[in-house]
Amino acid sequence: MKVKEKNIKSTQEIIVSCIVFPILFLWSITLLYPYLWAFLNSLKEPGEFLLDSFSLPEKWLFSNWNTAISTLRVQKSNPLESVGIIGMIINSIWWMFGSVLVNTIVTLMMAYGLSKYHFRVGKFLHAFSLVVMTISVVGAFPSQYSLYNKIGITNSPAMLLTAAGCIGSSALLIYYSFFKNISWSYAEAVFIDGGGHWTVFLRVMIPQAVPIISAMAVIGCIGMWNDYFTPYIYLRDYPTLATGLYLLQTSSLTMNNKPLYFAVVLLSALPIFVIFMIFQDKIMTSVSMGGLKG
Amino acid sequence: MPLKKINKKTLREAGFFFVMIIIPIIHFCVFWIGVNLNSFALAFQGRNGATLDYFKLFFQELSNTGANNKLLEGIGNTLIIFGLNILILLPLSVLFSYFLYKKILCYKYLRIVFFLPSIISSVVLVTLYKEILNGPISNLLMQMTGSSSPILFFDSTKYAFKSVLIYICWLGLASNMVIYSGTMSRTPAEIVESAKLDGIGYFGELVKIVLPLMWPTLSVIVLLAVVGIFTADGPILLMTQGQYETYTLGYWFYDKTIVNPNLNYGAAVGICFTFVSIPITLFARWLVNKVDLDVEF
């Protein structure tokens, strides 16, 4: 009887799989195919691309990638000055690492303070952070734009200051729960040995948090690398690669030579692909964990 | 003497605690409170002192149902995107995540591919989507229909917003799948096994076991989606720049800040929408709390 039941269930599963699997598989192909299509077309002559974008390249012009890197440029706020692809990559790197570093340090400090030091203000700040998370301020952009310009942080690396916030962020809650679960007896042992609060924080707590910090930092880096909007609005003289892609969309050079544009598009996605392949499990686990922590 | 020691220790602790929290507090004061106070200042700031003119203009624009009302167009499109996300994409995404959780054929490959759009820049995704639609898909449809003119997916009122919606569906389905299938994987195996012995079916397991157990996570996602009802947005700036009736509220604020700047009016409208979203948030929170499935795992 039991065997029969098992057979019926597995048949049900097989029928569902036969219907659902082709749908999911086809959908996954639509998500992957555009990259292959863009890669093949990035190796063609512009004319060949216009004639037939489905075929394989007649000549595999890997030199298109070199040409794209050396020729494509976007204008700064002063029309006489421009930035090339290498310059954009450098801007992407300092913007990404700077923002993530500032944000991680500030968030770790606050999460540790709130979770391990039981002052009333700490409890209030923790509860307040949860409330801020659920407040949706609509249309703050005009005011933000005006304020950033007033305090003079736009179009300079001072924009990194905007990353020094964590109240209302999910990262604060994740680090908070992490530190909350670490035993305070480690700290007591350090105090007995004559160490202070900074020793506990820097030499005991942070080393234990390295795995979660690295997972969160990777996710943060991906977000900052991909962010085209903030640099486009506030860092006009420091266009990142993502911003450059947006600006190049309408450039006459790329309009008439799509293969070059595809080369830059794929070039900008390449570092993320590589990071994803290396840290795949870490990234997916921490994203899933972020959801669980809610 | 011991009192002095305690005070010194507490002071040291308080000093350390102060250093740990002061930067985010300053940041919050400047970049959150400051921005919102500045919104109020801008909204009431007239040429000759305080004014309510921008709010009056907002209500006038709301009551004007003319064809070229970008604000109403933005509200309408934003609500369509919100509805699509919450009523269609979210349930479908949960359903597909269930198949991944049940380890459908090639589930590892599918999980990775569905996660890719979350880590690739929207500029790249939109570029590829536009190029494929404007190029090969358009040519294919021309051949199939025998038409001599290409289909203007992004340059016509007939198709532009539909193309935006298809893009949102194409990628939106995959957006939270890793979170959902991760949450589902925490379902205790012994509960599933005992339910199977009681004869529960494939979908019975989803409805009676998995969904109730993942409700705490799901409820937070639903709540945050409802809270952000007026911020539901598509990649309008990248795709159409608001042309061909594709304005959303997000793009409307961008327009009022960068394209056709009127910061005062933009700030006033932002304040109005924030106030409208407060009761919606409270109602959603009440509703989510009311659906108490009393499960824990």
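Ala225(B) lies in helix α9 of chain B, residues 202-227; helices are DSSP runs of H or I with at least four residues, numbered from the N terminus. This is a predicted model, in which local features need pLDDT of at least 70, side-chain atom pairs count only at pLDDT 80 or more, and totals for chains, interfaces and linings use all residues. Residues are numbered from 1 along each chain as its sequence is written, and chains are lettered from A and ligands numbered from 1 in the order in which they are written.

Ala225(B) touches Asn85(B) and Ile86(B), leaving aside residues up to four places away in sequence, where contact means C-beta atoms, placed from the backbone, within 7 Å. The C-alpha atoms of Ala225(B) and Ile86(B) are 7.5 Å apart, although 139 residues separate the two along the chain.

In chain A, helix α4 (residues 85-116) packs against helix α9 (residues 197-226) at about 140 degrees, with the axes 9 Å apart. Trp95(A) of α4(A) and Phe201(A) of α9(A) are among the contact residues.

Between the chains, the contact takes 65 residues from chain A and 69 residues from chain B. On the side of chain A, α1(A) gives the most, with 16 residues.

Terms used: Axes are lines fitted to C-alpha atoms, for helices over the stretch in contact, and angles run from 0 to 180 degrees between N-to-C directions. Helices (H or I, at least four residues) and strands (E, at least two) are DSSP runs, numbered from the N terminus. Two residues are in contact if their C-beta atoms, placed from the backbone, lie within 7 Å.
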